[in-house]
Amino acid sequence: MATIRCGDFKTSYAKDMAIFDSAFARWCLALFLLALLTVPLYASSYWMDVTNRVGIAIIGAVGLNILTGFTGQISLGNAAFMAVGAYATAYLGAHLPGLPFVLTILLSGFLAAVVGMVFGVPSLRLKGLYLAMATLAAHFIIEFVATHWNDVTGGVAGVSVAPASFFKYSLDTDSKLFYLIFGLMFFLVFFAKNLFRTKVGKAFVAIRDQDISAEVMGVNLFKYKLMSFGISSFYVGVAGSLLAYQAKYISPENFPITLAIDYLAMIIIGGMGSILGSILGAIFITCLPELLRLGASSLSGTFPSLVGLFASLKLGVFGLAIVLFLVFEPDGMAERWRKIKTYWRLYPFSY
Amino acid sequence: MSTPQLEAKNVMLRFGGVTAIKDVSFAVEPGAIHAIIGPNGAGKTSLLNAISGVYRPQQGQIIFAGQDITRMKPYERTSRGLARTFQNIALFKNMTVLDNLLIGRHTHQHCGILKGGFYYGPGEREEVAHRMVVEDIIDFLEIQHIRKKIVGTLAYGLQKRVELARALALEPKLLLLDEPMAGMNAEEKEDMARFIIDTNEDRGTTVLMIEHDMGVVMDISIRVVVLNFGVKIADGTPQEVQRDPHVQKAYLGQEDAEVAGVAEA
């Protein structure tokens, strides 16, 4: 059985257009997913929490990448759209307790999509930094609403979120939530990957690369830009909804502008316009502070002052990582991974 | 003569105080190869942009297959059978050749977000069906060897060919080509001329092109429109145009008593 491709032996277009090159790659992924399912059996509650946050970050990062990486519409409003999803979940949980969590999450996602599309309207006229400013305005408007609409959002104090439940069964622990988050994550990542193999996704990329010629090729710019805002915000809203379930209590402090920037960092470091890149970037940015904390605490015996320095160290390393990536691998971790694969494909005869 | 494939009636296009096109009218017969020529800055590309919808003329009408399309958006014109290429290649540089061509199938595809996202079933069937159409065009233009290359990495002449392929993927009734041979060597020009003639003859596509290479223009087009400073100064067969004193003056700048009427306004 060939494990690594050494030539092109495809006999149909369907096979040529498949996501995975070989059965070997599919098996690897299946094994990895199986291994992932066993994580709640042995992970500590601390790492369970980190793992769940990684899952949520992956959904959010894929969502942002659809808009910014694939369609080329820069957005700083994603933390706000996440908040919309989270508050919708809190509200539905409090006012419609009988609603199954799947519907709650879907509705939260759709609400975020609608809000995202409304704030996406300026994208027809604005590009680049100007659009960044317009979406930044969206962030502050939604933040203002969240802090002042006390009946729904609980204002500055926040609001508690009822656990995800389906009739009597409730996902009240991190390990139960894990299966929900990773199930949804797998589905949404797969959906996004497929989207870019078909008409809608290709139109998004066309808009990013050359909007005038995309329009001349028959792409309705306004419709597809709004669609991109909608799909992206749906993903981000679902991430927000899961975040609400995980945090159990949300307030405007959960959705600062730095969260939006974290997500931008994920897709820049991971790789703009790459699904794999969103995943790698989300893992990297979410785990980096945890690894730093681990490193700092293990050295605290020898250098006790290090723990005190941790906060500033974290920001410093974070910034440094972004700068180093921009300088040495501007196309992100996904591109680096591709290069590694290409290298090994021909190893040891790499000429 | 049947209804013209394309008709421009008294088209006027202004940018602020500058008049790019002044009262230009002409018609393109179905199945023909027409050329627009003229010195630099004559308004050729502006005219093409007005036809494809990138610019909107302030006055006049553009009629495509009997239908007034003057006020339509570019994508609406495309779905009616209008395709074009650009003077400075406007391909999707980070996509593969295949994906560029598949974008050309955009108006012929109907799977939305859900069918696309779930892929297996209708989504896959549609992609495979359109892949076949695209492969036909790849064979036709002899670009099999680069189908999976990223467009931005290709040589200039090949990019020009890919752009023609992308326009053909639309299966247009009328193809607008903006300087398809600019910057090519003799061999590439011959290839391109052959592709244009084949497109016209085998696929029955009407062609309207802007070109500076007079040898090519005179050889392959059946009718030529000449623009100078936004005004149409001649319109006829290549032979008629070559003999036209106004055209000779515009290109060669001869001082001639007979054409004093078109001296500097």
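This is a predicted model: local features need pLDDT of at least 70, side-chain atom pairs count only at pLDDT 80 or more; totals for chains, interfaces and linings use all residues.
Residues are numbered from 1 along each chain as its sequence is written, and chains are lettered from A and ligands numbered from 1 in the order in which they are written.

**Chain A overall**

I counted 16 helices and four strands in chain A, where helices (H or I, at least four residues) and strands (E, at least two) are DSSP runs numbered from the N terminus. The radius of gyration of chain A, taken over C-alpha atoms, is 21 Å, close to the 20 Å of the globule rule for 351 residues, so chain A is as compact as a globular protein of that length; the rule is 2.2 Å times the number of residues to the power 0.38. Along the principal axes, the C-alpha atoms of chain A fill a box of roughly 65 × 60 × 45 Å.

**Ala334(A)**

I then turned to Ala334(A), which is found in helix H16 (residues 332–345) of chain A and counts as buried because it has 22 C-beta neighbours inside 10 Å. Leaving out residues up to four places away in sequence, I found that Ala334(A) touches Gly270(A), Gly271(A), Ser274(A), Leu276(A), Gly277(A) and Leu280(A), a contact being two residues whose C-beta atoms, placed from the backbone, lie within 7 Å.

**Where the chains meet**

Between the chains, 27 residues of chain A are in contact with 35 residues of chain B. H10(A) gives the most to the side of chain A that touches chain B, with eight residues. I sorted the residues of that side into 15 nonpolar, seven polar and five charged, with Ala, Val, Leu, Ile, Met, Phe, Trp, Tyr, Cys and Pro as nonpolar, Asp, Glu, Lys and Arg as charged, and the others, Gly among them, as polar.

**Domains and loops of chain B**

Chain B is divided into domain 1 (1–81 + 172–265) and domain 2 (90–171), with bounds that come from an automatic or database domain assignment. The contact between them takes 11 residues from domain 1 of chain B and 10 residues from domain 2 of chain B. H7(B) supplies the largest share of the domain 1 side, four residues.

Last, I checked backbone angles in two loops. Glu179(B), in the loop between strand E7 (174–178) and helix H7 (186–202) of chain B, has a positive phi of about 50 degrees although it is not a glycine, and Glu179(B) is buried, with 20 other C-beta atoms within 10 Å. Phe229(B), in the loop between strand E9 (223–228) and strand E10 (231–236) of chain B, has a positive phi near 45 degrees and counts as partly exposed, with 18 C-beta neighbours inside 10 Å.

Notes. A residue is buried if 20 or more other C-beta atoms lie within 10 Å of its own, exposed if 12 or fewer, and partly exposed in between; C-beta atoms are placed from the backbone.
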